[in-house]
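The sequence and structure are shown first.

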Amino acid sequence: MQNTFQVQGMTCGHCERAVTQAVQQLDAQAKVAIDRAQGKVVVDSSQPADKIAAAIAAEGYQVQ
């Protein structure tokens with residue numbers, strides 16, 4: 001299932017890695033595509049959207 005999240009606070013490559021790793025800790029097979037300029041994170045995963053959003057938020061980013 002593919003979900004798109006608006007994520008604020010990503011400013012660099014480290015931020016992208018942190019978000020990607022947070023998602024992949026929930027689902028190692030998840031595919032994560034990040035558009036930092038638009039603050040968009042697209043996740044293809046079997047995990048529910050609320051769990052993915054919580055994992056990203058736990059890294060310190062605002063998820064809408």
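Cysteine 12 has a relative accessible area of 29% and is therefore partly exposed (buried means under 20%, exposed over 50%, partly exposed in between, with a 1.4 Å probe and protein chains only). Cysteine 15, at 7%, is buried. The model is predicted: local features need pLDDT of at least 70, side-chain atom pairs count only at pLDDT 80 or more, and totals for chains, interfaces and linings use all residues. Residues are numbered from 1 along each chain as its sequence is written, and side-chain values use heavy atoms, with hydrogens and water left out.

Zero disulfides are found in a search of the whole structure, a disulfide being a pair of cysteine sulfur atoms within 2.5 Å. The cysteine sulfur closest to that of cysteine 12 belongs to cysteine 15 and lies 3.5 Å away, which is too far for a bond.

| Residue | Relative accessible area | Class |
|---|---|---|
| Cysteine 12 | 29% | partly exposed |
| Cysteine 15 | 7% | buried |
| Alanine 49 | 29% | partly exposed |

The fold contains an open sheet of four strands in the order S2-S3-S1-S4, with antiparallel pairing. Helices (H or I, at least four residues) and strands (E, at least two) are DSSP runs numbered from the N terminus, and two strands pair if DSSP finds at least two bridges between them. Strand S2 (31–35) and strand S4 (62–63) are the edge strands, each pairing on one side only. Five bridges join S2 to strand S3 (residues 40–44) in the antiparallel sense, and lysine 31 stands opposite aspartate 44 in S3.

Two helices pack on this sheet. Helix H1 (residues 13–26) touches S2 and S3, and its direction makes about 155° with that of S2. Helix H2 (residues 49–58) touches strand S1 (2–8), S3 and S4, at about 30° to the direction of S1. Axes are lines fitted to C-alpha atoms, for helices over the stretch in contact, and angles run from 0 to 180 degrees between N-to-C directions; contact means heavy atoms within 4.5 Å.

Alanine 49 is located in H2. Leaving aside residues up to four places away in sequence, alanine 49 touches Asn3 and Phe5.

The largest nonpolar core has 14 residues, of which Val7, Met10, Val41, Ile56 and Tyr61 touch the most other members. Such a core is a set of buried Ala, Val, Leu, Ile, Met, Phe, Trp, Tyr and Cys residues joined through side-chain atoms within 4.5 Å. S1, H1, S3 and H2 each supply at least two residues, and H1 gives the largest share, four residues.
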